[in-house]
Amino acid sequence: MLITFEGIDGSGKSTQISLLKEELTKRGLRVEVFREPGGTDVSEMIRGMLLNPEIEIDPITELLLFSSARSQLVAEKVLPLLEEDAVVILDRFYDSTTAYQGYGRESVPIAQIQQINETATHGLEPDITFYLRLSPKVAAERTKSFEKDRMEQSGDTFFERVYQGFEKLSQTEARFEVIDAEKDINTIHSNILNAVTEKLGKNDTD
Ligand code: TMP
């Protein structure tokens, strides 16, 4: 089963991912978590380039670098693990490319982003995607004391477009579960857990 987490920076994905991993592991499941970009040697090297605030990257190059990191992760880790019936949790996946490089950077038309995503994922789609919805204003407030990486230095209007991108995806993608990221940590965790439990039960009877 493939579970992905999406949302703008500061939406609390990492906290929720560790809570979910802990609970599913307790239930005896094999759970593997990867962050995007990252999760393999090649993908972590690409991450270093993408987030380095010292360098400038052309928007199309940026799109292709995120996609290259993804292709390596899927081929090297995700597909073999799914084959072994593990639960794979991804801290971001191709919806981030649609939201950030598509709606945020406006690098190429969305239809083209979708084609690149399909190539980079080797055709793999998540079973469920948790979209932790947080307004860019609240997110900016939460992250204001953090040191900013290259992506996080992109400015308020960029993050507003990214947010709108995720909102559009939440209306068109049936696998999206919208979670109010302003709720308290435990409420969010139990909402997520209920949805995963339901999905696991459904997958078993399929
Ligand atoms: P992280 O901070 O959640 O680890 O993600 C790294 C940054 O990269 C974050 O600002 C979101 C951005 N990103 C994209 O712009 N496109 C992508 O496809 C992915 C996976 C992340």
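Predicted model: local features only at pLDDT ≥ 70, side-chain atom pairs only at ≥ 80, totals over all residues.
Student: OK, which residues come nearest to the ligand?
Tutor: There are 13 residues around the ligand, and D9, R47, R92, T97 and Q101 come nearest; a residue is near a molecule if one of its heavy atoms lies within 4 Å of it.

Student: And which side chains have an N or O atom by a ligand oxygen?
Tutor: Among them are D9, with an N or O atom of its side chain 2.9 Å from a ligand oxygen, R70 at 3.0 Å, and K13 at 3.4 Å. A polar contact is a pair of N or O atoms within 3.5 Å.

Student: What classes of residue make up that shell?
Tutor: The shell around the ligand has 4 nonpolar, 3 polar and 6 charged residues, where Asp, Glu, Lys and Arg count as charged, Ala, Val, Leu, Ile, Met, Phe, Trp, Tyr, Cys and Pro as nonpolar, and the others, Gly among them, as polar.

Student: Which helix gives the most to the shell?
Tutor: That is α4, with 4 residues, and α2 (41-51), α3 (59-83) and α4 (94-104) each supply at least two. Helices here are DSSP runs (H or I, at least four residues) and strands are too (E, at least two), numbered from the N terminus.

Student: What about the lining of the largest pocket, which classes are there?
Tutor: The lining of the largest pocket divides into 6 nonpolar, 7 polar and 10 charged residues, and its largest share, 4 residues, comes from α4.

Student: Changing topic, where is the cis peptide bond?
Tutor: The cis peptide bond joins E36 and P37, with omega about -10 degrees, and P37 is found in the loop between β2 (31-35) and α2.

Student: And what is phi of D85?
Tutor: Phi of D85 is near 70 degrees, which is a positive value in a residue other than glycine, and D85 has its place in the loop between α3 and β3 (87-91).

Notes. Residues numbered from 1 in each chain as written. Heavy atoms only, no water. Polar contact = N/O pair within 3.5 Å; in protein donor to acceptor, adjacent residues only side chain to side chain.
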